[in-house]
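Here is a short briefing to read with the sequence and the model open side by side.

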Amino acid sequence: SLYRATVKAVVSTQSTGISFLQNHHLATSELLAWLSTLGGGWSALGDASEFAAVQCLRVSGQQLALATKLDYPELVATCWLYVALSLMQLGKRRTARKLILSQYKTVAQYQHRRQLASLYRATVFKYRNSSPVIDTRDVTIICGESSNDAD
């Protein structure tokens with residue numbers, strides 16, 4: 001098609017450095033999308049499963065590392081909020097609160113980014129209106145173990 005021919009012509013005339021940067025940007029975008037999808041799935045399961053909440057925290061950490069390498073403050077703030085949500089699922093509310101508050105300035109700076117502002121408000125709402133979801137006693141009962149089985 002004409003579009004494909006145009007794209008080939010543009011790509012072939014570009015310097016190798018620009019092509020590399022474009023490919024790197026594309027690969028990074030795809031990786032972030034994949035991690036976001038994976039993290040969202042683990043997060044949905046994290047309200048009922050400690051294992052899933054831990055996996056979500058790991059994925060959030062990977063997203064955070066990538067966003068930090070890219071030096072993209074809006075994405076870094078988003079990832080920290082994902083980490084805070086995971087910590088709330090694990091009952092670590094005090095640490096989650098500190099993370100949420102630490103992102104306030106960045107969110108205020110990027111308030112024109114509705115998605116970040118909405119995520120911040122949702123995270124604050126969840127913090128204010130939820131209690132620790134996972135109780136280790138419930139997890140051991142579900143798994144069929146009890147404290148009397150330790151012997």
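This is a predicted model: local features need pLDDT of at least 70, side-chain atom pairs count only at pLDDT 80 or more; totals for chains, interfaces and linings use all residues.

Does Trp34 count as buried or exposed? Trp34 counts as exposed, because its relative accessibility is 53%.

**Overall make-up**

- Of its 151 residues, 30% count as buried.

**A nonpolar patch on the surface**

- Trp34 sits in helix α2, which covers residues 16-46.
- Together with Leu31 and Leu38, Trp34 forms a nonpolar patch on the surface.
- The accessible area of these three residues together is about 290 Å².

**Helix α4 and what surrounds it**

- Helix α4 takes in residues 73-89.
- With 17 residues at 1.5 Å a residue, α4 should span 24 Å, and its end C-alpha atoms are 25 Å apart, which agrees.
- Why can α4 be called largely enclosed by the rest of the structure? The reason is that 14 of its 17 residues are buried.
- Leu75 belongs to α4, and with a relative accessible area of 16% it is buried.
- Between the C-alpha atoms of Leu75 and Gln63 there are 8.7 Å in space, with the two residues 12 apart in sequence.
- Asp71 has a positive phi, near 55°, although it is a residue other than glycine. As a rule, most residues other than glycine have a negative phi.
- Asp71 also counts as exposed, since its relative accessibility is 65%.
- Gly91 follows α4 and has a positive phi too, near 80°.

- Helix α5 runs over residues 93-102, and its buried residues are Arg93, Ala96, Leu99 and Ile100.
- Viewed down the axis of α5, these buried residues fall within an arc of 120°, so they line one face of the helix.
- Arg94 and Lys98 are exposed on the other side of α5.
- A reminder on helix geometry: with 3.6 residues a turn, residues three or four places apart in an α-helix point the same way.

**Helix α7: two sides again**

- Helix α7 holds 16 residues, 114-129, which at 1.5 Å a residue should span 22 Å; the end C-alpha atoms are 22 Å apart, so the two values agree.
- Which residues of α7 are buried? They are Leu116, Ala117, Leu119, Tyr120, Thr123, Val124 and Tyr127.
- Down the axis of α7, the buried residues fall within an arc of 160°, and therefore line one face of the helix.
- The face turned away from that buried side carries Arg114, Gln115, Arg121, Phe125 and Asn129, which are exposed.

**Salt bridges**

- How many salt bridges does the structure hold? It holds 2.
- One of them joins Asp47 to Lys126, with the closest N and O atoms 3.4 Å apart.
- Asp47 is in the loop between α2 and α3 and Lys126 is in helix α7, so this pair ties together parts that are 79 residues apart in sequence.
- Both partners count as partly exposed: Asp47 has 36% relative accessibility, and Lys126 has 25%.
- Glu74 forms a salt bridge with Arg113, and here the closest N and O atoms are 3.3 Å apart.
- Because Glu74 lies in helix α4 and Arg113 in the loop between α6 and α7, the pair ties together parts that are 39 residues apart in sequence.
- Glu74 counts as buried at 11% relative accessibility, whereas Arg113 is partly exposed, with a relative accessible area of 39%.

**Cysteines**

- The structure holds 0 disulfides. In general, a disulfide is a covalent bond between the sulfur atoms of two cysteines.
- Cys56 counts as buried, with a relative accessibility of 5%.
- Cys79 counts as buried as well, its relative accessibility being 1%.

How values were computed:
Residues are numbered from 1 along each chain as its sequence is written. Side-chain values use heavy atoms; hydrogens and water are left out. Patches are made of residues with over 30% relative accessible area and no salt bridge: like charges are joined within 9 Å, nonpolar side chains (Val, Leu, Ile, Met, Phe, Trp, Tyr) within 5 Å. Accessible areas come from the Shrake-Rupley method with a 1.4 Å probe; for residues, only the protein chains shown count as cover. A salt bridge is a side-chain nitrogen of Lys or Arg within 4 Å of a carboxyl oxygen of Asp or Glu. Helices (H or I, at least four residues) and strands (E, at least two) are DSSP runs, numbered from the N terminus. Buried means under 20% relative accessible area, exposed over 50%, partly exposed in between (1.4 Å probe, protein chains only). A disulfide is a pair of cysteine sulfur atoms within 2.5 Å. The expected span of a helix is 1.5 Å times one less than its number of residues. The arc is that of the directions from the helix axis to the C-beta atoms.
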